[in-house]
Amino acid sequence: MKSIGVLMTCPMHKYLEQQLETHFNLFKLWHCNSSITEFLKTHQGNTIRAVVGNTEIGADAELIASLPSLEIVASYSVGLDKIDLRKCEEKGIRVANTPDVLTDDVADLAVGLILGVLRGICASDAYVRIGKWKDADFGLATKFSGKSVGIVGLGRIGTAIAKRAEAFGCSISYFSRSQKSFANYKFYSNIIDLATSCQILIVACALTEETRHIINREVIDALGPKGILINIGRGAHVDETELVSALLEGRLGGAGLDVYENEPEVPEELLGLGNVVLQPHVGSDTVETSDAMADLVISNLKAHFSKKSLLTPVI
Amino acid sequence: MMAVSTDCHKAQQDFPKVLILKPISFLAHVGERHVASNKFTFLKAYESSLPLHQFLSTHSPSIKAILSSVGTPITADILQLLPEVGVVVTTSVGLNQVDLPECRRRGIKVANAGSVFSDDVADFAAGLLIDVLRKVSASDGYVRKGLWATKGDYPLGSKLGGKRIGIVGLGSIGFAVAKRLEAFGCSISYNSRKRKPHVSYPFYESVCELAANCDVLVICCELTDQTRHMINKEVLSALGKEGVIVNIGRGAIINEKEMVQCLVQGEIAGAGLDVFENEPDVPVELFAMDNVVLSPHIAVFTPESFLDLMDLVMGNLEAFFSNKPLLSEYGD
């Protein structure tokens, strides 16, 4: 397979890069100074049969069109919002992602964000480090155990979050495209009703045309001044401008965010707030999971080029 | 109306007294009107200009109970001045500040905070652990300094799922920690004064053996003569270079100097600490470390816990003054 051209869209994980270099003929899109088409002309674009993309740069229509020999897009992510799935389907291009291996880490981070916000762990760590413990009684935080949790999207990640929150005695409810027969949790067919009923609202669904800005002013107001929003989905799930003004005006109690509309840009107004926790899109960023995701990408590529079944096919 | 209130006031003056030596923060947070009783009144030593010994001697005939908090040692010396005391009620779970042998000798009952804080403390322990492993506070700071845009991605963290958790002290708090971490796919084992009969988690005779067989140590035990500096260089070496320690017990359970040295030298991978040997002093070496999460002894501090604590404290005192069993009497 060493002659098979694989295009990696951006730096994602050193181990993945090394593996791709070992097994395939790897092209790195970020080494291109000119336009993509120029790059591909000089680098034998027509030998590229696979693209490895991620949440930053996937495979849009333009890229797909410039790779006439493209057979498979293997995403180093579970989210597919950066891939033009319709185009892939049209052209018979396979698509694979990395589900399951990252479910635990993302769910763990969601809980970490909840505790960070509600119990002020991050804020108090900063407080202690600048020597402020000696001066004042640190403000009271809020109890997590027993609170009502609402999950938007009860897929693999949403379910894993629910299981963890249950161990903290939380009541779980959810909003999803359809009611899930396996779930014992209360289902809301309307996201406003979900937001009204819970204190902690967690975004865990896929980003599609329907879910863009699903968290808007109305939902935020329904969640209210004692509510907190946790986003481990995609930045575009949330109307970021509305979120910022709600936090500044006290209409929302707090937020834990791992994703933003224009990463790596984070709204400046959030940087000084003590009731938010800001993460740089690290939901699956552990050594163990990054390696597991990389292995899965490689396995999918090898399977495809050996004419075997993909391990985690999307298309 | 005046006469009635004077009578009320006079009656209150005759009520037995519950002594408070130093200000108790939870009282300030719940508001004094929530702690009124028709069986006793609080007597605040810190509001008097008299030297303590004199104050105590003056009021000793009416002082029947003491309400103590973490920062107020109830020593044999103090108890000696208070021959009428029948109960010490504390706002903490830990009782290292109370001279228990002296209380036992005098027949003074002791009531602590029971399990009102268990959920909050366990939540906090879980939060500290996730933070250390996933670098939540460190990368939050990274984002706030604008470094994500300029320096790129933050270094990878470590997965919580599959980690072997060693609970030191499987009491109410230890159990609550175990229950939560199991939901993250962790396995649990423990060390305690004695093996717990109906518990399926593996038990280790020594804390060193526990450390050698787990990836994370969570300190949930009381501070006693036996547990003081129980976590030392030997235990931390057994825990190993990938190991993490979380302390929501008392600072002195860990030999702080040795722990800091282990962290500085990379002998353990990280620490989440809510308590320290000399609060509010924190070893300065820790401030520069991004594999350490520090909090100012706040694991119990939520408004919900304080209300529960208030109910428990008042309930214990009311029970004592009604000759009923205490709600959360401490006994071995």
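Over residues 61-328 of chain B, the chain is 35% helix and 14% strand, with its end C-alpha atoms 26 Å apart. Helices (H or I, at least four residues) and strands (E, at least two) are DSSP runs, numbered from the N terminus. That stretch is what an unreviewed UniProt entry annotates as "domain: D-isomer specific 2-hydroxyacid dehydrogenase catalytic"; such annotations may be inferred rather than shown by experiment.

A quick word on the model: it's predicted, local features need pLDDT of at least 70, and side-chain atom pairs count only at pLDDT 80 or more, while totals for chains, interfaces and linings use all residues. Residues are numbered from 1 along each chain as its sequence is written, chains are lettered from A in the order in which they are written, and side-chain values use heavy atoms, leaving out hydrogens and water.

Now for where the chains meet.

| Feature of the chain A and chain B interface | Value |
|---|---|
| Buried area | about 4,800 Å² |
| Salt bridges | five |
| Residue pairs in polar contact | 26 |

Buried area is the accessible area (1.4 Å probe) that two parts lose on being put together, summed over both. Here 60% of it is on carbon and sulfur atoms. In chain A, A:Arg119, A:Arg129 and A:Trp133 lose the most area to chain B, together 17% of what that side buries.

A salt bridge puts a side-chain nitrogen of Lys or Arg within 4 Å of a carboxyl oxygen of Asp or Glu. B:Glu304 and A:Lys147 make one through their side chains, at 2.8 Å from N to O.

Key: Polar contact = N/O pair within 3.5 Å; in protein donor to acceptor, adjacent residues only side chain to side chain.
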